[in-house]
Amino acid sequence: MTLSIAFIGGGNMARSLIGGLASRGHKPAALHVAEPVDSLREGLQSDFGVAAYGSAAAAADGAAVWVLAVKPQVMRAVCEELAPLAQAQHPLVISVAAGIGTRQLDQWLGGGQAVVRAMPNTPALLGAGITGLFANPATDDAGRERSAALLHAVGPTVWIDDEARMDAVTAVSGSGPAYVFLLAEAMTAAGIRQGLAPEAAQALVTQTLLGAATMLSQLDEPAEVLRARVTSPGGTTQAAIETFEAGGFRALVDSAIAAATERGRQLSAAHD
Ligand SMILES: NC(=O)C1=CN([C@@H]2O[C@H](COP(=O)(O)OP(=O)(O)OC[C@H]3O[C@@H](n4cnc5c(N)ncnc54)[C@H](OP(=O)(O)O)[C@@H]3O)[C@@H](O)[C@H]2O)C=CC1
Ligand SMILES: O=C(O)[C@@H]1CCC=N1
């Protein structure tokens, strides 16, 4: 029997997960979504054939797994609305929200719930995501296996032992695709400034990022070694890398990831 899964919130992240699950053969009728925005709800229905609802309780009622995919700022209100149903049905609850902790989620849902915190990323849409997972003590082995299997449909999963580290997972891989897209934007604009046609610049940048990421994932060699192989002494790459280093590239990346990690902590504290 296909597992019935209710997504509460049908925005960017839910769409990526639903798209990934649907394309990997999960029965669309077993995927329920609650989403207040008409256009998003209708789009999910027409694109993936899921059952879409305007209210969280209608989507969640009877589902074995609830995936909470609303913004952190509305999570408390959503959980408190769902608490009576959670107490009656005790689903496996998986939250993908940045910052919000399992203790908070459990408390807002009325207590005694199996709660898994998951941090996926949008490449899940193409089955190319990665998800960090943390389970609260009320989650049994079956619940851990079930949540890992669900997220594994859209990419590899990594269990994180210390929940505090989930903010670092969020900062590195949850937000990470946006950093790569920013790099793509900047490289494309720079290529155009050097005289390339926009379509050519975009094609060159996209395939370069894909090729480099494929090398990182398929060759058992560290980034540093792969970089050295591109960098001929006194050549073009060296000129670029020296410019990056002189501009404080590594320190900037470090500060950006520290800021994202800290924002996760703040989101938790703000909703305690
Ligand atoms: N986007 C990403 O790359 C990632 C996001 N996340 C996490 O996923 C969560 C969702 O993010 P994202 O998808 O980007 O956000 P979105 O705003 O795109 O999606 C959230 C959706 O939930 C809807 N919503 C609000 N209240 C309710 C409710 N009571 N019941 C059902 N749906 C409701 C929102 O409607 P409305 O706009 O009207 O409020 C919105 O359409 C966040 O907690 C985020 O931290 C995690 C990993 C990666
Ligand atoms: O920006 C955010 O807060 C969410 C969490 C990770 C990616 N997007």
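Guide: Terms first. A pocket is an open set of points on a 1 Å grid over the protein atoms alone, where a 1.4 Å probe fits, with protein on both sides within 12 Å along at least five of seven lines. Points join across faces, edges and corners, and a volume is the space filled by probe spheres set on them. This is a predicted model, where local features need pLDDT of at least 70 and side-chain atom pairs 80 or more, while totals for linings use all residues. Residues are numbered from 1 along each chain.

Visitor: What volume does the second largest pocket have?

Guide: About 830 Å³.

Visitor: How many residues line it?

Guide: The second largest pocket has 35 lining residues, meaning those with an atom within 4 Å of a point. M13, A69, V70, K71 and P72 lie nearest its centre.

Visitor: Which residues surround ligand 2?

Guide: A98, T170, G174 and S175, with a heavy atom within 4 Å as the cut-off.

Notes:
Chains lettered and ligands numbered in written order. Heavy atoms only, no water.
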